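Let's take a walk through this structure together.

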Amino acid sequence: MDLPANDVEFVTEKIDDEKEGGPAFKCDLADTEIVHKIAQEFLPGLATACVDNTTGDIFKSPASVAVDMRKELVDYLNQRSETFVAESVIVEGVLESGAPDHPYDLISDFVDEFASSKRNLFSRVSGWLLSEKREDKIDDFVQEMEINGFWLLDGREVIAETLLKNVDFKNAFHCNMKFDSAEELAQHVSLCSFRPMACENEGCNARFCASHLEKHDSACPFKIIPCEQKCSDNIRRREMDRHCITVCKMKLVNCPFYAVGCQSTIPHCMTEQHCSDTIHLHLLHILQGIHKEASEEDLKRRVEQLEKAASSNQLAEARNVRSLTSKVKDLEAKLGPLEVHTKNKEDSEENAEISNLANALDEAHIKNKDSQETMETSNLANGTSKAES
């Protein structure tokens, strides 16, 4: 059975307990964001009730009971919301500990209660055994109702607003002010914190009450704001991350000479300035790759020679390892070979000196030992001669 294309409105009214002679003009504004959120719960709740009520019934489908089930749902929500304050506050004196008091939570619970009451025995068993299949059927029926324009959002929001006012006994999400004249009411409405507003940022279709303007503005994805990395561009908030890691002039990048030893991280727009300011250091890194056996002092002297031999800005114009290496080799060809004092050669000379010193000490020790043995032999011979005499 196909769903009806035309939507049917069900409008509930809250009983007015105003005393005769009291203010006749009442502000009926409410938090549009909460109203919209509540209205979105109705279709899934209705779909659940329709699917569970017809599960296992070959003569009925969810669509065949949707119209009657919708009327029952609205009547149930109206009755539950009207008696909520009396049952929970006036009779009991205070809400039960842990019980929800936010209008959205309360009405969502009412919707769940209604859907649960419509489950037949077969749906209870099959819902437990085939929960995934049941959820798929509910989602499919929600989409079917949306495609056929069954129970449009505007109609649901009218009902949601009335229900909100019924359960919002703290007046936190709707205005309950009353006035003696239409002029006073009109003046109030233009300033009421619950007056509806639309976002002015191009591309944003959000609607909210005036009290949420600052909150929305601070998070609106379509608001144009200055670059978070302090470049000169203004970008939509939703595009900020992509801007900062792609085209932003202030995005951090590695130095072009990172591969040869410069570990600097700099803003992209300052790369050229960095290369000019640190040309001395970059030359040293390039030479360390060319002359691996040279000492640091030799390389520093070579850097000075290159800077003197280069023409104005010849080296500073090099913006990467390849171009600077090429310029260095061209200049070195003119300067001639680098006088290299390798660390290995210095170590060899030092080791040779130590070896020579050790050998000299050994020779001296041997000579000293030979002299002592000669003296002992001579003394022994003299002693023997005296004994014989």
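A residue counts as buried when its relative accessible area is under 20%, exposed when it is over 50%, and partly exposed in between, using a 1.4 Å probe and protein chains only. Helices (H or I, at least four residues) are DSSP runs, numbered from the N terminus. One thing to keep in mind is that this is a predicted model, where local features need pLDDT of at least 70 and side-chain atom pairs count only at pLDDT 80 or more, while totals for chains, interfaces and linings use all residues. Residues are numbered from 1 along each chain as its sequence is written, and side-chain values use heavy atoms, with hydrogens and water left out.

Let's start at α2, which covers residues 42-54. Eleven of its 13 residues are buried, so the rest of the structure largely encloses α2. Among those buried residues are F42, L46, C50 and V51. From first C-alpha to last, α2 reaches 18 Å, close to the 18 Å expected at 1.5 Å a residue (the expected span is 1.5 Å times one less than the number of residues). Just after α2 comes G56, with a positive phi of about 85°.

What does L46 touch, leaving aside its neighbours within four places in sequence? It is in contact (heavy atoms within 4.5 Å) with A66, M69, R70, L73, M145, F150 and W151.

That brings us to the nonpolar cores. Such a core is a set of buried Ala, Val, Leu, Ile, Met, Phe, Trp, Tyr and Cys residues joined through side-chain atoms within 4.5 Å. The largest one has 40 residues, and I38, F42, L46, I107, F141, M145 and W151 touch the most other members. Elements giving two or more residues to this core include α1 (32-39), α2 and α3 (62-91), and α3 brings the largest share, eight residues. A second, separate core of 20 residues includes L284, A294, L315 and L331.

Now move along to α12 (residues 279-290) and α14 (residues 321-335), which pack at an angle of about 75° with their axes 10 Å apart. Angles of 65 to 115 degrees count as roughly perpendicular, and α12 and α14 are therefore roughly perpendicular to each other.

Last, the cysteines. A disulfide is a pair of cysteine sulfur atoms within 2.5 Å, and by this rule there are zero disulfides. The sulfur of C27 has its closest cysteine sulfur in C175, 3.7 Å away, which is too far for a bond.

Conventions. Axes are lines fitted to C-alpha atoms, for helices over the stretch in contact, and angles run from 0 to 180 degrees between N-to-C directions. Angles under 35 degrees count as roughly parallel, over 145 as roughly antiparallel, 65 to 115 as roughly perpendicular and the rest as oblique.
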